[in-house]
Structures are given as structure tokens and as C-alpha cells.
Protein chains: 2
Amino acid sequence: MPSSSRLTPHPSRIRILGIDPGLRATGYGVIDQDGQKLSYVASGVVRTQDGELPARIKILFAGLQEIIETFKPEACAVEKVFVNVNPQSTLLLGQARGAALAALAHADQSVYEYTALQVKQAVVGNGHADKQQVMHMVMRLLKLPGEPSPDAADALACAICHAHGGQGLGGLVTAARRRRAGRML
Amino acid sequence: MPSSSRLTPHPSRIRILGIDPGLRATGYGVIDQDGQKLSYVASGVVRTQDGELPARIKILFAGLQEIIETFKPEACAVEKVFVNVNPQSTLLLGQARGAALAALAHADQSVYEYTALQVKQAVVGNGHADKQQVMHMVMRLLKLPGEPSPDAADALACAICHAHGGQGLGGLVTAARRRRAGRML
């Protein structure tokens, strides 16, 4: 038998980059998955100040490029964003998310998308968990000594969701619940 | 006197790339400006089919990258997009525009943004001109032998707007008119 690690019973380590997109703050979180074992690698936030949109998009794109080059993930999990009550905010958030997806596409990354509900379901076991519960489980699952920033925690949660196979409620239930709350993707 | 063309009374030729962003169809138009003289270089549409968003963003980003590499513009004019009555459409359009801005940022392009009102004002002399009037003026100003596709025509109009110094109504009037029509950027 060839000794290639591809043939070992446990899957090889997979590095996952989670992203929680936003124009002002895009959170990122990098974890390694080795079978059931998850380990924390890095996390942080790419921030942009008020100013012209093209300049902010440039910072966001370059920041994510640097993160990909530094950590060389094998899969990327990006949180799906909600429409805001303010259409202008929705448009700005959309543009930030588009720039993030472009950075991943440019780096030939495999991209997976998860709703906030799927992320919470996978991390906490409850699609309607609050921020504090998500933070608690992220810290516990990754054995973090302290709280990451909220944006970074959401990104780490998204990466954990992917590691757990994106288990959440089914797509149909997800869509129905979200519609009931008056929100659409 | 040195003979450098930089010192001639007329400004050097500037190549302008106009972009009309959309997820399904992103129009582009390339023109050369030499003083008052405008000449057509190229135009077309980057299209994406229905499917997963990350794959569509990748096509859009790569398509614009290729256009920039081929035509090497010195300035880019991107049309500002309107929010749609459907929030989901707004979010998708925003993501397409974000990917387009990311492609320009990645290529270190100077990016200028114009509203549809500014573009129509600069090209037709009337911010409320219809599509057919814009098409007519684009063909006339660039001496085109035939009609470009509507998306390409809008992109060429945006490039012409930039060549004309982005002359339009003032920002405040623009915002007020658009708000009156129940639309926001």
C-alpha cells in the first residue's frame, strides 16, 4: 500500500477561514480541523474608516488577500448577510460582501455560504441563540483563553459551522423562519 | 523646448473604462479622450448565468480583470446603482458592484463614481433622458456605426460622463431629486 496520508483512516487536517462580512468591520477567523478536533489558528477584523467607497473596498480586498496568503486556508465559510431596514445600508453591506467574495475567488478558494441561523444551530445547537451564547461556545470549542472581538467571534463561529458539516436546520425551514421574521437574504 | 508630448498644449490621451455593474450583466465601455476628442475603443458585457453566488462573483471579477489587462485604462468610471424595490435584488446588485470595485482596486485603478442622473446630464444634457436618447448620443459622440447592447451603451455613457468632467447637477440636487422619487443610493 502506498503510504500517502490521503489513505489514512482519519481525514487530513483542513484549514478553514470563516468570514463575517461588513463594510466598517469584516471579521475573520482561522481554525484547523483534524477529524473531530478543532484548533484555533488566528482571528481578527479588517476595518475601514468613513470615506470614499472605492478606497474602502480596496482596503477590504487587500486585507483579505493578505489573510489568505498568510494562513493559506483550504476552505472558506462566509456568513450570508441580511437585508437591513435601510436600503442604503443593504447596498453598502452587499458591496462589502461582494469584495470579500471577490478576494476569495481571486485566490481560487472554495467558498461555502451559511446563514446566521445555520451557524448558530451548528455552534450552539439553537438557531436562535444570542451573541453571548455563540461567544461562549466559540471560546469553549476552540479552548480560547479570552473573548475575541464580536466580529471575529462570528467569523470563527462560521468556520466552526463549516467544520461541523454546516449542520443546521434544512434550507426550507431556514427560509420559512427567516420570512416569518420579515427578513430575506 | 523638450519635445515630450506631456508639454504640448493639449492634454495627452487618456483611456477611460466605464462600467455599469450588474450580477447578470455588467456592461463595460472603453474610450480614449484626447482633449475634446473622444474615440471608441471597445465595449461589451460580462455575463453570469444563474447559479451559486461565489461562482458568479468569480466570473465577474475575472472578466473585469481581463478587460483591464487588455485595454489598460488610466481612469475608471463606475455607475452608482439604485436600490431595488426587492431587497434581495439590492443585495445581489450590491455584491456584483462590490466585486467590480474590487477588480478595479486590485488593478490599482483610479475609480470615479457617477449617478445615472449625472451620466444622463453629461451625455444628453438632461438628467431625465430616456434610454433611447442616451443610446443616440453615445452613438453620435463616439461615431458608432451600430447600436451597442444596452448594458454596454450605459457603460460607454458613464465613460463619456467622466471625460466630460462628470458635469451634471450638483450632488445636493441629485440627492434631493432621487429622494423625491422614493429611491436612495
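**Figure 1. Salt bridges across the interface of chain A and chain B.** In this predicted model, the rule finds two salt bridges across the interface of chain A and chain B. A salt bridge joins the side chains of Lys58(A) and Asp108(B), with a distance of 2.8 Å from N to O. Residue pairs in polar contact between chain A and chain B, with both residues at pLDDT 80 or more, number seven.

**Figure 2. Elements of chain A at the contact with chain B.** Three elements of chain A, namely α1 (53-71), α2 (87-106) and β5 (111-114), each give two or more residues to the side that touches chain B. Of that side of chain A, α2(A) supplies the largest share, with 13 residues. Sorted by class, the side of chain A that touches chain B comprises 15 nonpolar, seven polar and five charged residues.

**Figure 3. Extent of the contact between chain A and chain B.** Chain A contributes 27 residues to the contact, and chain B contributes 27 residues. About 2,400 Å² of area is buried between chain A and chain B. Carbon and sulfur atoms give 71% of this buried area.

**Figure 4. Relation of chain A to chain B.** Chain A is superposed on chain B by a rotation of 180° with 0.0 Å of shift along the axis, at an RMSD of 0.0 Å. The relation is therefore that of a two-fold axis. Both copies use the same surface, as 100% of the contact residues of chain A recur in chain B.

Methods
Residues are numbered from 1 along each chain as its sequence is written. Chains are lettered from A and ligands numbered from 1 in the order in which they are written. This is a predicted model: local features need pLDDT of at least 70, side-chain atom pairs count only at pLDDT 80 or more; totals for chains, interfaces and linings use all residues. Side-chain values use heavy atoms; hydrogens and water are left out. Copies are superposed by least squares on the C-alpha atoms of residues with pLDDT of at least 70 in both. Contact means heavy atoms within 4.5 Å. Buried area is the accessible area (1.4 Å probe) that two parts lose on being put together, summed over both. A salt bridge is a side-chain nitrogen of Lys or Arg within 4 Å of a carboxyl oxygen of Asp or Glu. A polar contact is a pair of N or O atoms within 3.5 Å; within protein, one must be able to donate a hydrogen and the other to accept it, and residues adjacent in sequence count only if both atoms are side-chain atoms. Helices (H or I, at least four residues) and strands (E, at least two) are DSSP runs, numbered from the N terminus. Ala, Val, Leu, Ile, Met, Phe, Trp, Tyr, Cys and Pro count as nonpolar, Asp, Glu, Lys and Arg as charged, and the others, Gly among them, as polar.
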